[in-house]
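Please read them next to the coordinates.

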Amino acid sequence: MERDHKNRNAANRVAFSKRNFWSGFIFGIGLVSFFDEAVFHQILHWHHFYDKSSTAIGLVSDGLFHAFSWFTTIGGLFMLADLRRRNGLWLLKWWGGVCVGVGGFQLYDGTIQHKIMRIHQIRYVENVIVYDLVWNIIAVIIIMIGLILIYWAQNKSR
């Protein structure tokens, strides 16, 4: 009977493999967005989400960004709860998705929003390149950790 339960769990993991990744990915985007907004926008006052206008517009953009991060985090958690309810949670794969989401959003923020769109910089200092390099290198490292976790999860299931 216990063996049947383990086989069913393994089958559910495979059936819900993509959903585990996407739940973690969405949660990771929400988590890093929430952290970014709280630490860099509110506590350190390094920038606003949109810095090409007045401080008032910057604060409104921060509020919208905060709402996005909140709803994204909750959405990922609802998907996680559904996976648990269906007995399909694959924690290693989920954490891999979280890391890919965190690193992916951070890399998107550091390249697209900071450099291409120029809606804000990570910090307004003379040698911003140091901050940019650290920000983007950390993002790539987090993505690689996530991919390694996903690889391990796939190999453990075989």
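Predicted model: local features only at pLDDT ≥ 70, side-chain atom pairs only at ≥ 80, totals over all residues.

1. Local features are taken up where pLDDT is at least 70, and side-chain atom pairs count only at pLDDT 80 or more.

2. Geometry of the helix 2 and helix 4 pair. Helix 2 covers residues 17-43 and helix 4 covers residues 91-116; their axes come within 6 Å and cross at roughly 45°. Angles under 35 degrees would count as roughly parallel, and 65 to 115 as roughly perpendicular. Helix 2 and helix 4 are therefore oblique to each other. The crossing of these two helices is right-handed.

3. Residues in that contact. On the helix 2 side, the residues that meet helix 4 are Ser17, Asn20, Phe21, Ser23, Gly24, Phe25, Phe27, Gly28, Ile29, Val32, Ser33 and Asp36. Helix 4 contributes Lys93, Trp94, Gly97, Val98, Val100, Gly101, Val102, Phe105, Gln106 and Asp109. Sorted by class, the contact of helix 2 with helix 4 holds ten nonpolar, nine polar and three charged residues.

4. Valine 102. Which residues does valine 102 touch, not counting residues up to four places away in sequence? They are Gly28, Ile29, Val32 and Ile142. Valine 102 belongs to helix 4. The relative accessibility of valine 102 is 12%, and buried means under 20%, so valine 102 counts as buried.

5. Aromatic pair in helix 2. The count of aromatic pairs comes to 14. Phenylalanine 21 and phenylalanine 25 form one of these pairs, with 5.6 Å centre to centre and 25° between the planes, and this pair is stacked. Both residues lie in helix 2, four residues apart, about one turn of the helix. Are phenylalanine 21 and phenylalanine 25 buried or exposed? Both are buried.

6. Aromatic pair in helix 4. Phenylalanine 105 and tyrosine 108 form a tilted pair, at 6.1 Å centre to centre with 50° between the planes. The two residues are three residues apart in helix 4, about one turn of the helix. Phenylalanine 105 has a relative accessible area of 10% and is therefore buried. Tyrosine 108, with a relative accessible area of 36%, is partly exposed.

7. Ring cluster. Ring pairs also link Phe35, Phe40, Trp46, Tyr131 and Trp135 into a cluster.

8. Positive phi angles. Most residues other than glycine have a negative phi. Histidine 45 is not a glycine, yet has a positive phi of about 60°. Histidine 45 sits in the loop between helix 2 and helix 3, the latter being residues 55-85. At 61% relative accessibility, histidine 45 counts as exposed. Asparagine 87, also not a glycine, has a positive phi of about 60°. Its place is the loop between helix 3 and helix 4. With 31% relative accessibility, asparagine 87 counts as partly exposed.

Terms used: Residues numbered from 1 in each chain as written. Heavy atoms only, no water. Axes fitted to C-alpha atoms, helices over the stretch in contact; angles between N-to-C directions. Parallel < 35°, antiparallel > 145°, perpendicular 65-115°, else oblique. Left-handed = near helix turned anticlockwise from the far one by under 90°. Contact = heavy atoms within 4.5 Å. Nonpolar A, V, L, I, M, F, W, Y, C, P; charged D, E, K, R; others polar. Buried < 20%, exposed > 50% of the residue type's maximum accessible area, 1.4 Å probe, protein only. Phe/Tyr/Trp six-rings, centres within 6.5 Å; stacked < 30°, edge-to-face > 60°.
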